[in-house]
Amino acid sequence: MSNIISTVARRAGRRWVTVILVGAAVVLAGVAGTAYALVKSDAQSTTFPQNAQIEQQLGVRFSRVAVVGDGGLVTVTYVVLDSEKASRFQSDVAHPPSLYSESRHRTTTRVSLMKQGHTLRAGQTYYLVYENTHGALRHGERASIVEGTLRLEHVPVL
Amino acid sequence: MTNLWRKSRSRIAVLGVATLVAVGTAVMWPHAASAAVAEGLDCETNAQQTFSLTAGDGYVSTPDGNSIYMWSYGDSKTGFQLPGPTLCVTSGQPVTVILHNTLPEATSIVFPGQKGVKANGNPAQPQFDGGGSLSSLVQSAVAGTGSVTYTFTAGSPGTYLYESGTDVNKQVQMGMYGALVVRPAGHPNQVNDRADSAFTAGKEYVFLLSEVDPAVHLAVERNQPIDWTTYTARYFMINGRSMPDTLAPNHASWLPTQPYGALVHIKPYDANTNPLPATIRYLNAGSVNYPFHPHGSDERVINRDGHALAGPTGQDLSYQKYDLDVGPGQTVDTLMDWRDAEAWNPTTNPIPTQIPAITDQLLVGTDTWFSESGYLGTKNALPANITSNNECGEYYHIAHSHALEQSTNFGATFGGMMTVFRIDPPAGCTTQ
């Protein structure tokens with residue numbers, strides 16, 4: 001009789017252990033998934049940082065960084081705030097901004113400067129196309145745009 | 001012992017399944033979103049070949065920061081998009097398109113090239129008002145809440161426009177158009193019934209060309225009369241996008257109402273590993289010719305307006321073309337491949353000239369669109385002042401309307417009806 005009770009008690013105990021382990025696994029995975037989703041959501045946020053110093057010196061406000069060309073190219077768009085400064089920025093072929101991945105220490109500096117007409121009009125959006133050197137930037141991560149000593153951080157890469 | 005192991009194994013299995021389910025659920029979420037990086041033709045299709053479209057309004061964005069009020073056909077489940085969904089059907093099979101109208105005026109759909117089209121079961125035919133004036137090319141859906149069901153049997157394999165047949169000038173300019181792809185029965189990877197029209201599965205592209213005069217759109221948005229005497233197109237689009245948005249993937253998050261990209265992405269022809277070409281289906285929903293000009297390679301024109309270029313006894317009348325003139329309302333289907341004709345190799349067959357000396361540079365200056373190395377799959381150092389556009393030794397050929405005003409965004413060059421054709425090394429691009 002005592003053996004039967006003991007066996008039943010052991011089986012019941014094992015069932016509880018199983019239930020607790022399964023429950024813990026589900027909760028753990030759920031927490032991990034939620035955290036991942038939040039991080040991902042944050043990285044994919046379309047909120048774009050601004051930098052008054054960059055806007056003052058370059059005459060532009062960067063507005064989007066996106067991986068295109070099936071991963072091979074990156075477009076960087078900017079809104080012209082000051083036509084004269086922006087024209088200088090656009091025509092400075094030798095010193096384009098560099099793009100840095102903030103999570104993987106990759107960078108791309110090779111840009112094809114798309115000529116957008118002779119005058120850059122204030123309020124209008126223009127763009128640069130970069131080669132995505134060795135997959136420097138990836139969709140969903142954060143990047144920095146660096147121009148000389150100027151730095152715009154935590155830019156979402158679309 | 002055996003019993004204990006069986007129970008433990010059972011518990012491990014339960015635990016494993018639970019963990020996989022939970023982790024899988026978490027991991028699947030971002031994977032569903034990653035479908036947005038797809039390139040190439042994004043077909044709307046179903047076994048019944050029945051489509052529900054809603055004529056409605058919305059806004060699209062242009063690369064210069066403008067926002068344009070448009071009308072278009074949207075999938076009734078997902079809403080407004082430009083252009084209308086690309087409908088893919090099989091030749092010889094019945095097709096049903098149900099049009100719902102939420103616009104403030106009557107609208108309709110014509111299917112140029114399709115025979116025996118019916119509207120609500122009656123022959124689709126021109127409509128006249130009480131005074132005898134033409135009011136629509138086919139039966140229309142009344143403003144606001146109307147609907148009409150069009151049925152037909154899909155015609156010869158190829159590409160067709162579908163567009164508004166009501167107040168055509170205005171409504172097509174406003175965006176009432178889409179592409180209809182008719183596939184040959186039993187041969188989904190052929191353009192037409194000819195075996196020599198076969199293309200690589202998945203390497204299929206639609207280039208629906210169009211233009212926008214924002215003044216017309218502003219007038220419609222404000223319910224003001226349109227002054228057609230001053231009509232001037234300012235934006236030129238491929239699949240409802242202008243350069244550089246054409247390079248962005250299908251369903252790019254920053255182009256929520258413009259779901260279709262226009263990047264062509266292929267590998268070089270190889271008799272063993274990549275023997276078939278890609279296909280590009282050009283359609284003109286605009287009012288003037290669009291002379292589309294892919295740099296770097298000819299394309300073989302094999303279909304025009306949904307008909308194979310073949311003689312009475314099946315002679316192959318296809319032809320190579322370097323500049324593809326697509327007339328208003330016309331469609332042109334091409335096969336496109338890229339061949340490493342000279343087989344340059346840095347050691348065994350070096351290029352016998354000073355790099356760079358290519359047209360792309362001369363066209364736009366020394367700082368633009370050079371593909372890094374003359375050798376596909378190789379990255380070389382470049383001369384000073386030359387920038388590149390190259391991830392892993394792949395090539396990018398620009399492709400654009402050769403009426404250069406059509407390659408602008410409201411006058412700003414390097415925009416409009418322009419994209420790139422990307423050619424990867426034979427082994428693929430290993431950096432992705």
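Asp245(B) forms a salt bridge with Arg64(A), with 3.8 Å between the closest N and O atoms; the term requires a side-chain nitrogen of Lys or Arg within 4 Å of a carboxyl oxygen of Asp or Glu. Asp245(B) sits in the loop between β13 (235-238) and β14 (264-266) of chain B and Arg64(A) in strand β1 (residues 60-68) of chain A, so the pair joins two chains. Asp245(B) has 4% relative accessibility and counts as buried (buried: under 20% relative accessible area; exposed: over 50%; partly exposed: in between; 1.4 Å probe, protein chains only).

## Basis of the model

This is a predicted model, in which local features need pLDDT of at least 70 and side-chain atom pairs count only at pLDDT 80 or more, while totals for chains, interfaces and linings use all residues. Residues are numbered from 1 along each chain as its sequence is written, and side-chain values use heavy atoms, with hydrogens and water left out.

## Other salt bridges

Over all chains, the structure holds 14 salt bridges. One of them links Glu84(A) and Arg88(A) at 3.9 Å, N to O. Both residues lie in helix α3 (residues 83-91) of chain A, four residues apart, about one turn of the helix; helices are DSSP runs of H or I with at least four residues, strands runs of E with at least two, numbered from the N terminus. Glu84(A) is exposed, at 59% relative accessibility.

In chain B, the side chains of Glu105(B) and Lys170(B) meet in a salt bridge at 2.6 Å, N to O. The two residues are 65 residues apart and link distant parts of the chain. Lys170(B) is buried, at 14% relative accessible area.

Definitions and conventions:
Chains are lettered from A and ligands numbered from 1 in the order in which they are written.
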